[in-house]
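Me: I would like to learn how to read a structure feature by feature, with the general idea set out before the particular case. Could we take the one below as our example?

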Amino acid sequence: MSASLVAEARAVCTGIALLVIARDMGEPRAMFRTIAVALLVLAVPLNRASAASKYRNCASLNIDYPNGVGRPGAADQVKGGSTPVTSFVIDGALYKSLPKTLDRDRDGIACEKI
């Protein structure tokens, strides 16, 4: 499981725990709904931002994503008789958050490796 997925899972679990605590403390239903919506809206974007700052180069990205990360619909551009990489992770939000320099050939796949 990648580091970004682990971070998102932790955020969701923390949010659920806080909601259960708020409910058990007798908070009104309106407050319960407000807390739930706030946690769901804030948790995912914060994790994406931290994941993007974590991957400043291909060495750090390839630790969690050995074959790279691509946007939906991306296809590896190869030269000569090379075999294209097809086992990269498709994650459009993560790909967009990465520095553009990680996709040197601009094929929609950052840090692809066979």
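Me: What is the torsion about the S-S bond of Cys58 and Cys111, and is the disulfide left-handed or right-handed?

Reply: A disulfide is assigned to a pair of cysteine sulfur atoms within 2.5 Å. Here Cys58 and Cys111 qualify, with their sulfur atoms 2.1 Å apart, and the torsion about their S-S bond is about -80°, so the disulfide is left-handed. This pair links distant parts of the chain, since Cys58 lies in helix H3 whereas Cys111 lies in the segment after strand E3 (109-110), 53 residues apart.
Before we go on, please note that this is a predicted model, in which local features need pLDDT of at least 70 and side-chain atom pairs count only at pLDDT 80 or more, while totals for chains, interfaces and linings use all residues. Residues are numbered from 1 along each chain as its sequence is written, and side-chain values use heavy atoms, with hydrogens and water left out.

Me: What pLDDT does the chain average, and which elements have the lowest and the highest mean?

Reply: pLDDT is the predictor's confidence in each residue, on a scale from 0 to 100. The chain averages 79, and 63% of its residues score at least 70.

Me: In what order do the elements of the chain run?

Reply: Helices (H or I, at least four residues) and strands (E, at least two) are DSSP runs, numbered from the N terminus. This chain has four helices and three strands, and from the N terminus on they run α-α-α-β-β-α-β.

Me: Which residues make up the largest nonpolar core?

Reply: A nonpolar core is a set of buried Ala, Val, Leu, Ile, Met, Phe, Trp, Tyr and Cys residues joined through side-chain atoms within 4.5 Å, where buried means under 20% relative accessible area, exposed over 50%, and partly exposed in between (1.4 Å probe, protein chains only). The largest such core has eleven residues, namely Tyr55, Cys58, Leu61, Tyr65, Val69, Leu94, Tyr95, Leu98, Leu102, Ala110 and Cys111. The elements that give two or more residues to this core are helix H3 (58-64) and helix H4 (92-97). Over the chain as a whole, buried residues make up 32% of the 114 residues.

Me: Which side chains meet in a salt bridge?

Reply: The criterion for a salt bridge is a side-chain nitrogen of Lys or Arg within 4 Å of a carboxyl oxygen of Asp or Glu. The structure holds one, in which the side chains of Asp64 and Lys54 meet at 3.0 Å, N to O. It links distant parts of the chain, with Asp64 in helix H3 and Lys54 in helix H2, ten residues apart. Lys54 is partly exposed, its relative accessible area being 41%.

Me: Where is Arg106 found, and what is its phi?

Reply: Most residues other than glycine have a negative phi. Arg106, in the loop between H4 and E3, has a positive phi of about 55° although it is not a glycine, and at 70% relative accessibility it counts as exposed. Cys111 also has a positive phi, near 60°, and its place is in the segment after E3.
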